[in-house]
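Here are my notes on this one, point by point. Have the model open while you read.

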Amino acid sequence: MALVTTKEMFKKAYDGGYAIGAFNVNNMEIVQGITEAAGELESPVILQVSKGARAYANHKYLVKMVEAAVEENPQIPIALHLDHGDTFELCKSCIDGGFTSVMIDASSKSFEDNIALTKQVVEYAHDHGVVVEAELGTLAGIEDEVVVEAGKEAYTRPEEVEEFVSRTGCDSLAIAIGTSHGAYKFTAAQCTRNAEGILVPPPLRFDVLEECIKRLPGFPIVLHGSSSVPQEFVKMVNQYGGNMPDAVGIPEEQLRKAATLAVCKINIDSDIRLAMTANIRKYFAEHPDHFDPRQYLKPARQAVKDMVAHKIVNVLGSDHKI
Ligand SMILES: [Zn+2]
């Protein structure tokens, strides 16, 4: 199977009450870890590339690695998506360069400017058989070059979604209902603490999601900033010389609930970074004399694979859905 768009994946996910994982890729081990898990579990998957990933790894390397993963896993549909495209030129360059899906994130602009830029990208993308994700509302947090201070985020206004989708022609819509980018999603002031002293974030705004669904029946919704920041990895990082106080994410049961509703794409990036870093730190601590990158990248890749498999089965519900 060649790279596919997300059109059919989203239709099946919407009707089937599950979501497709969109995992960020930056290097070979990450591409392999994700696609080995998806391949074994017969789960469709979205590999997404940010502007930062392109700057780090080079567009051509990323596309060729993803193409290799497609060849190695012919049984599953794989889409290649641009995460947080911020200009028409960047989206065009990915559309021309083999991506099957792009996001244009003009959510920091005014409603009218967001519509104008999104529409421009949609017209070019659709002419080339590529689908477009747009965003309304602003998430807090840090993701590569996207930085929004806590307190400056804004929930999506459901009364705007119909007009936005019909005027832009976008294929899916990212909304802000309280998820957040990065491993430090919430300040202590926004949270309570559980018995172990771990921050408990405010619940997602399912009322906003339900309102959007009512106004956009059958339309795929996307959640960004949806890592769960598993505490086992945070503990491992801290145990082996790291320092990540108060790193918390979105509870998996809330994401599972969103996946059963109209949320068809759930973005996960920080959990990949954490899985790798925690395992590399552990490896270094236990084998101070080793220096072959293959020795520590192997368990890091395995940790990505195990984490992705867990998400596919327990959070997304996308296993055996090809
Ligand atoms: Zn994002």
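**Notes on the model**

1. Let's start with a helix pair. The axes of helix H2 (residues 28-40) and H12 come within 8 Å of each other, crossing at roughly 40°. That makes H2 oblique to H12, and the crossing of the two is right-handed. On terms: axes are lines fitted to C-alpha atoms, for helices over the stretch in contact, with angles from 0 to 180 degrees between N-to-C directions. Angles under 35 degrees count as roughly parallel, over 145 as roughly antiparallel, 65 to 115 as roughly perpendicular, and the rest as oblique. A crossing is right-handed if the near helix is turned clockwise from the far one by less than a right angle, and left-handed if anticlockwise. Helices (H or I, at least four residues) and strands (E, at least two) are DSSP runs numbered from the N terminus.

2. A word on provenance. This is a predicted model, in which local features need pLDDT of at least 70 and side-chain atom pairs count only at pLDDT 80 or more, while totals for chains, interfaces and linings use all residues. Residues are numbered from 1 along each chain as its sequence is written, and side-chain values use heavy atoms, with hydrogens and water left out.

3. Now the barrel. It is closed by 8 strands in the order S1-S2-S3-S4-S5-S8-S12-S13, with parallel pairing. Neighbouring strands of this sheet are turned by 25° against each other on average, direction ignored. Two strands pair here if DSSP finds at least two bridges between them.

4. Follow the sheet along from S5. Strand S5 (residues 131-136) pairs with S8 in the parallel sense over 4 bridges, and Glu135 stands opposite Ala174 in S8. S8 is in turn joined by 2 bridges to strand S12 (residues 221-223), again running parallel; there Ala174 stands opposite Val222. S12 then pairs with strand S13 (residues 263-268) in the parallel sense over 3 bridges, with Leu223 opposite Ile266.

5. Which residues of S8 (residues 172-175) lie on each side? Ser172 and Ala174 are on one side, Leu173 and Ile175 on the other, and all are buried, so both faces are covered. Buried means under 20% relative accessible area, exposed over 50%, and partly exposed in between (1.4 Å probe, protein chains only).

6. 6 of its 6 residues are buried, so S2 is largely enclosed by the rest of the structure. Val45, Leu47 and Val49 point one way, and Ile46, Gln48 and Ser50 the other. S2 is joined to strand S1 (residues 20-24) by 3 bridges, running parallel, and Leu47 is the bridge partner of Phe23.

7. Most residues other than glycine have a negative phi. Glu42, in the loop between H2 and S2, has a positive phi near 50° and is partly exposed at 32% relative accessibility. Asp246 sits in the loop between helix H9 (231-239) and helix H10 (252-260); its phi is about 60°, and it is partly exposed at 33%.

8. Some side-chain contacts in loops. Asp292, in the loop between helix H11 (270-286) and helix H12 (293-316), is partly exposed at 21%, and its side chain reaches the backbone nitrogen of Arg294 at 2.9 Å. Asn194 lies between strand S10 (192-193) and strand S11 (199-200), is partly exposed at 31%, and reaches the backbone nitrogen of Glu196 with its side chain, also at 2.9 Å.

9. His181 is in strand S9 (residues 180-181) and is buried at 5%. Its side chain makes a polar contact with the side chain of His84 (3.3 Å). A polar contact is a pair of N or O atoms within 3.5 Å; within protein, one must be able to donate a hydrogen and the other to accept it, and residues adjacent in sequence count only if both atoms are side-chain atoms.

10. How many disulfides does a search of the whole structure find? It finds 0, a disulfide being a pair of cysteine sulfur atoms within 2.5 Å. The sulfur of Cys94 is 7.1 Å from the closest cysteine sulfur, in Cys91, too far for a bond. Cys94 is buried at 0% relative accessible area, and Cys191 is buried at 13%.
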